[in-house]
Amino acid sequence: MPRRHRGNVARLGWLAAAVWGLSQAVGGAEPPAADGGTGDRDSPPQADGARELPGVELDTATGDEADDSTAGETGSATISEEQRRALEFEGHLARARRAQRERRWREAERAYQAALDLQPMDAEALRGRAHARHGKAKRGTCPRAAVEDLWLLQVYDPRGLWLSERANVLAWSEACGDEYATERLRLAEELGALPAGQRGRPKTVAALAAELRFAQARSAKSPEQRQVHLQKARSNIEAYLTECSEAKREVSIERLHLAAEIFRGAGALARAQSIYEQLIARTPGDARAVKALAELQIQLRVRELEATQAGRPTPEAEAAYNRAVEALAQGRLEQARSDLGLAINASPWFPQAYYRSGQVHARSGEFTEAIEAFTTAIEMNPYDYAAYMGLGLLYYKRFRGTQDSLAVEHLSAALRLRPDLHDLHYYLGDLYARVGQREAAREHFQAFIDQSPLDDPQLRAARDALRDLERDPATAVPSLPPPPPAELRRLPPALQQLINEAYVAAEFGDLERAREVLERAREQYSNEPAVFNALADVDYAQGRYEDANRNWAQSLGLDGDQMVVHERLGLADGESDRAEAHLERAAELGSATARFNLAVRRWDRFDIFAASRELDAYLRQAGPYDLNWDRAQRFRERIDEVLFRLYTVSGSLLALGLGLVLWRVYRRMRGASLAQFLRDEPKSFPDVARILSLIRHEILKHNTAFLGDVAHALEVEASDADARAVMLARRLFGDDDDPRSGGRRGGRGAAPRGIYGRFLGYVAELEKVGRSHGVNLNLYRKDPTFRSMIRAFDSVAGRVDALRSSFDLKPSERLELAKLLDRAGDVLGRRAFEQLTGTIMSLCVVDVTPRLFVQVLRQVAAEEQFQALEIAPLRVRGKGASIRVFQTDLEDILANVLRNSLHSAALYAPPPIAIAVDLVNEVDDITGHTTLAIRIKDQSSEQLTNEMLRGRYVERGMGITADLLSRYDASIAVEPEPHWAKAVVLRFFVVEATTGAAA
């Protein structure tokens, strides 16, 4: 019974006893029968609602009372007050039952209420009123009053009606959410302990008890409480599974999922794996089970590794890891990938190596591999804030909107472990705002605003977001120190026990006790840095920042190569020289966060060149999924702008030619051309093609083609030549007196307007794309196409005054102006247009040939999972065609399909594995459009349908494949194929020769 109703029940009991005693005293009737004078509670009432009343005999034939003489012999001659009330009570029950049979719930409730007014503790009336109230309640709402009535039966009739109504209590209170969670759990476990088939015991009550206990585990405040709930949930679900097995009753899919989650949480990983495999066997399309099984296999592998090799890596592994960190800091991803592979092979238990491997995969666009590497690092070391942060930012940026819950989970863990990284508040605020949790979003945005400097580029966005949220922020909960790091495995066992005890006390909020334990540990182990680090964590959680810094400093005195400690001291010591020294050391040890903060500090000291060097080093070391990457991009643009202004002003002030020559040589030699950039960075094709298409369409095609027309009009002295010249000047350069006054990249004064200004804006976008890939584009000097376009625009801009006042020019000057416009029109309207068209076509049109499939299959077959397979030579038939797709995207699509075919054939087809490709040009009879059908055939008997593809069932990259195909109006389908098991068919529209110049 709910705790809050026990007082009401007691009061009702006392009131009923008083009424009964009063009726006995006034009426002088005999004591009621053992059943309370109401007959058998388990049997339905008589049709007329009549019961035998004390002191009154009824004629069995007529139902009338005996005459006075008879009454005088058998009892009282008149009906007593008690008898009258009993008769009235029976009448109310009869009316209530009749209304209930006719589903007139409100009338039944009133009649039962009238009966209870006469006998407040009558169990049958309570049960009737409960069912009437439940009947009138709206479907899906909480029938609270009905549930309360049934709970009262536990007091008034615990061995009678209560036994048969317990199942209804469980069923009705389910719609009440958490209101009866504790009571439902107690009752479900009580019923689950009864033998199967006993009265009032539902068949699935043990499963319900497990589900309710599992919900308690998820909301537990401490790991210890969570494990207690999980073990009880495990016992309940085991009982349910055993009961189903003995009764030969099939377990539902949802309850199998529940059982697997409970076993997994309780640490019974092998049992959970068995159930997930059972789920997949029953429902092959259950993506939830497939994903959970993959994660579980990682956990099992980590547990297996931990049992065989845990602790410090081998010297060979450490040497390879250090080489990889150095290569990663210099942007040499392939070298870092190779060295990390050596490190992991030498020491499979190496969480730092897996974390760095995740960075390499993420920066290479291999997102599935990056997620697996980050997850493995977290499984090996659950206290690695960097791995949580890397995985959270990957979910936040790459899968924006679809994996927000995972992003919140991992970024929150990173913030809990490193509360000094206040930038995490901004990302968490944005995530919580997107999922509608306004209170949490306000709290994080406010924390970010409170801790950010005034010049932080994200500060304005945070303030705007905070204004858009409606409710006030909740009181922030102070961060507790993180759990003990994984390195404690290498500490003396007694010290490890003390530190674990301190962290458990901290998790329960008892920071003073944690400090006492750590003080004892420091007295016994004064030469262990881990003790001082743990004390610093407790100090930081209590807001004693000076004490935290002092303990970290003592830790560094014992071990000066702790990167995270140097980083935290550098961030905590403010603007002091000591803080900068700590940041420099942390950066040397591999901290990207320290490197970025060094750049900011140099910038704040107006040491622009040093800031630029540090920022370049950060951009080489970090990637798009690093905490400060977005800020670094804006910072890079700001530094470039300031440097450009500085160089411009210095160049104008330097009168000596040597300085000007050196500057120009530097500008000419620095950076790369567009062709070099595209050759080295194929993943930039989509962004570059988009910008080039805009330049070709908006700038060249529609705005420069008439340069030659104006030139001809000036040359032949046409009547409207001057008006057309003025219109040309306004269209190209706006109304500025000097169209170049703002400089090409935004110097002093307003930026150039008109078509010229828009063109320079697209040039700046191309340079920004280059910087995002770590390349500095020099389009002004090193790229022939853009250099000629810029010079053509500049030559016309230099004569803009003559163009606007051509009517004042001499005939020779008008002729010279006409020739200049004609040359510019030839460059911009014809040659540049053709060159950009060719570049665009080379980026987004691919010739599909048999050789392409052989190359892609060779790359896929070289992967570790396929190296032991016997694969027959690939047979490719058909001619192929040109299709509109980026080369890298097409290779990813083909690799994913071939990889899936190999994997499926390895499991379901006999060796050697045979795969064939047919290239078929299909022509639509109605539209006349030609499509290229790429039919990839295999001999695997594994079931694969179009619905499974559209539902993203296949986990081996097919979801990404569907996304890529949708970008190009392409399709994927599974079709039958003679002499083969099936064919996965990719269809692309063919680029016709007559439209080859279109983009």
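Predicted model: local features only at pLDDT ≥ 70, side-chain atom pairs only at ≥ 80, totals over all residues.
**Overall make-up**

The chain comprises 44 helices and seven strands. Of its 999 residues, 46% count as buried. Among contacts between residues at least 6 apart in sequence, 64% join residues that are at least 24 apart.

**Helix 41 and its cover**

Helix 41 spans residues 850–861 and has twelve residues. The distance from its first C-alpha to its last is 17 Å, close to the 16 Å expected at 1.5 Å a residue. Leu852, Phe853, Val856, Leu857 and Val860 are the buried residues named in helix 41. Viewed down the helix axis, the buried residues of helix 41 fall within an arc of 125 degrees, so they line one face of the helix. An α-helix has 3.6 residues a turn, so residues three or four places apart point the same way. Arg851, Arg858 and Gln859 lie on the other side of helix 41 and are exposed. The cover over the buried residues of helix 41 includes strand 2 (875–877), helix 42 (887–908), strand 4 (915–923) and strand 5 (930–938).

A search of the whole structure finds 15 aromatic pairs.

| Pair | Arrangement | Centre to centre | Angle between planes |
|---|---|---|---|
| Tyr426 and Tyr427 | edge-to-face | 6.0 Å | 80 degrees |
| Tyr426 and Phe445 | edge-to-face | 5.9 Å | 70 degrees |

The pair of Tyr426 and Phe445 links distant parts of the chain: Tyr426 belongs to helix 20 (residues 423–434) and Phe445 to helix 21 (residues 438–451), 19 residues apart. Tyr426 counts as buried because its relative accessibility is 14%, under the 20% cut-off. Tyr427, at 2% relative accessibility, is likewise counted as buried, and Phe445 is buried. Tyr426, Tyr427 and Phe445 belong to one aromatic cluster together with Tyr396 and Phe448.

The charged end of Arg418 sits over the ring of Tyr385, at 4.7 Å from the ring centre.

**Ala725 in helix 36**

Ala725 is found in helix 36, which covers residues 721–733. Ala725 has a relative accessible area of 0% and is therefore buried. Leaving aside residues up to four places away in sequence, Ala725 touches Val710, Leu803 and Ser806. Asp709 is 16 residues from Ala725 in sequence, and the two lie 9.9 Å apart in space, C-alpha to C-alpha.

Methods. Residues numbered from 1 in each chain as written. Heavy atoms only, no water. Helix = DSSP H or I, 4+ residues; strand = E, 2+ residues; numbered from the N terminus. Expected span 1.5 Å × (residues − 1). Buried < 20%, exposed > 50% of the residue type's maximum accessible area, 1.4 Å probe, protein only. Arc of directions from axis to C-beta. Contact = heavy atoms within 4.5 Å. Phe/Tyr/Trp six-rings, centres within 6.5 Å; stacked < 30°, edge-to-face > 60°. Lys NZ or Arg CZ within 6 Å of the ring centre and 35° of its normal.
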